[in-house]
Amino acid sequence: MFHELIFYCKELESFLLRNQIQEFVEGEHDSFFAEEMLKTIQTESLKIPNSEKQKYPNLPWEKMDTMWQKDLARAYDYIDLKMLYYICVYEIPKFTKTIKLEIR
């Protein structure tokens, strides 16, 4: 159940490292890929039952479940690319590290 979530987080991290992305530019494929990966990560997080999430209270489940609506979508069809980059580079790796430690 957690494995798919971790898999997609690691895929996003690998993509950023492999391509040495320093920022996202409007209309570039890199930002589109990151957007799609974050949607997938959020979808996977939403699939995990609350009963399982409660077993790991140190993880930011609410943030994972609402990141798209609260942090990224700033206006109709507009994505905040600076926030997208921040989440991809800082939040996702931190979440991945924490979840891997917690579920052991």
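Tutor: Buried means under 20% relative accessible area, exposed means over 50%, and partly exposed is in between (1.4 Å probe, protein chains only). This is a predicted model, where local features need pLDDT of at least 70, side-chain atom pairs count only at pLDDT 80 or more, and totals for chains, interfaces and linings use all residues. Residues are numbered from 1 along each chain as its sequence is written, and side-chain values use heavy atoms, with hydrogens and water left out.

Student: Is S31 buried or exposed?
Tutor: Look in helix α2 to find S31. Its relative accessibility is 4%, so S31 counts as buried.

Student: Which residues does S31 touch, not counting residues up to four places away in sequence?
Tutor: Contact here means heavy atoms within 4.5 Å. Leaving out residues up to four places away in sequence, S31 touches F24, V25, L81 and L84.

Student: What pattern does the protein chain follow along the sequence?
Tutor: Helices (H or I, at least four residues) and strands (E, at least two) are DSSP runs, numbered from the N terminus. The protein chain has five helices and two strands. Reading along the sequence, you get α-α-α-α-β-β-α.

Student: How are α1 and α2 oriented, roughly parallel or roughly antiparallel?
Tutor: Axes are lines fitted to C-alpha atoms, for helices over the stretch in contact, and angles run from 0 to 180 degrees between N-to-C directions. The axes of α1 (residues 2–18) and α2 (residues 29–47) come within 9 Å and cross at roughly 165°. That makes α1, relative to α2, roughly antiparallel.

Student: And what are the cut-offs for those orientation words?
Tutor: Angles under 35 degrees are roughly parallel, and those of 65 to 115 are roughly perpendicular. Over 145 is roughly antiparallel, and the rest count as oblique.

Student: What is α1 relative to α5?
Tutor: The axes of α1 and α5 (residues 81–102) come within 10 Å and cross at roughly 140°. That makes α1, relative to α5, oblique.

Student: How many nonpolar residues are in the contact of α1 with α5?
Tutor: On the α1 side, the contact includes F2, L5 and I6, and on the α5 side, V89, I92 and F95 are among the residues. Ala, Val, Leu, Ile, Met, Phe, Trp, Tyr, Cys and Pro count as nonpolar, Asp, Glu, Lys and Arg as charged, and the others, Gly among them, as polar. By class, this contact has one polar and three charged residues, and the nonpolar count is 12.

Student: Is Q20 buried or exposed?
Tutor: Q20 lies in the loop between α1 and α2. Most residues other than glycine have a negative phi. Q20 is not a glycine, yet its phi is positive, about 50°. With a relative accessible area of 64%, Q20 is exposed.

Student: What about I79, buried or exposed?
Tutor: You'll find I79 in strand β2 (residues 78–79). Its relative accessibility is 14%, so I79 counts as buried.

Student: What radius of gyration does the protein chain have?
Tutor: The radius of gyration is taken over C-alpha atoms, and the globule rule is 2.2 Å times the number of residues to the power 0.38. With 104 residues, a compact globule would come out near 13 Å. The protein chain agrees with that, at 13 Å.
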